[in-house]
Amino acid sequence: MKLSIGLLFCLLLLGVDGQSWWSFVKEAGQGSRDMWRAYSDMREANYKNADKYFHARGNYDAAQRGPGGAWAAKVISDAREGIQSLLGHGAEDTRADQFANEWGRSGKDPNHFRPAGLPSKY
């Protein structure tokens, strides 16, 4: 437990990069909520071939918050893909998910991955 808290602290410290702690932490919290909203929408939509869109959208929305949001999106995305790899999901799917994650975090339009027919609500 102490190791994980120490690791989290170090990652947070490295991600601050000259801005105030408060704004970084605030952005990270907002980015985490953006990621959760994208995940919840993906589960609710339950739409075939839409997962890459929701990956890109969550990362895009989080990164728009600033460095803290981009940091949160990367940590959450990497953790999720790491867990899925351990559970036996294919390496090709992980690479495709990470491509969509990076696409969104870099500020590119997540609609690039939007499947035809996905309701406009999303």
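This is a predicted model: local features need pLDDT of at least 70, side-chain atom pairs count only at pLDDT 80 or more; totals for chains, interfaces and linings use all residues.

Biologist: Which residues of helix 4 does helix 2 meet?

Modeller: On the side of helix 2, the residues taking part are F24, E27, A28, G31, S32, M35 and M42. By class, this contact between the two helices has 9 nonpolar, 5 polar and 2 charged residues. The partners in helix 4 are P67, G68, G69, W71, A72, A73, I76, S77 and R80.

Biologist: How are helix 2 and helix 4 oriented to each other, parallel or oblique?

Modeller: The axes of helix 2, residues 21-45, and helix 4, residues 67-86, come within 7 Å and cross at roughly 45°. Helix 2 passes helix 4 in a right-handed crossing. Angles under 35 degrees would count as roughly parallel and 65 to 115 as roughly perpendicular, and the two helices are therefore oblique to each other.

Biologist: Is D34 buried or exposed?

Modeller: D34 has its place in helix 2, and, leaving aside neighbours within four places in sequence, D34 is in contact with G58, D61, A62 and R65. Since buried means under 20% relative accessible area, the value of 2% for D34 makes this residue buried.

Biologist: What pattern does the protein follow along the sequence?

Modeller: The protein has 5 helices and 0 strands. Read along the sequence, the pattern is α-α-α-α-α.

Technical notes. Residues are numbered from 1 along each chain as its sequence is written. Side-chain values use heavy atoms; hydrogens and water are left out. Axes are lines fitted to C-alpha atoms, for helices over the stretch in contact, and angles run from 0 to 180 degrees between N-to-C directions. Helices (H or I, at least four residues) and strands (E, at least two) are DSSP runs, numbered from the N terminus. Angles under 35 degrees count as roughly parallel, over 145 as roughly antiparallel, 65 to 115 as roughly perpendicular and the rest as oblique. A crossing is left-handed if the near helix is turned anticlockwise from the far one by less than a right angle, and right-handed if clockwise. Contact means heavy atoms within 4.5 Å. Ala, Val, Leu, Ile, Met, Phe, Trp, Tyr, Cys and Pro count as nonpolar, Asp, Glu, Lys and Arg as charged, and the others, Gly among them, as polar. Buried means under 20% relative accessible area, exposed over 50%, partly exposed in between (1.4 Å probe, protein chains only).
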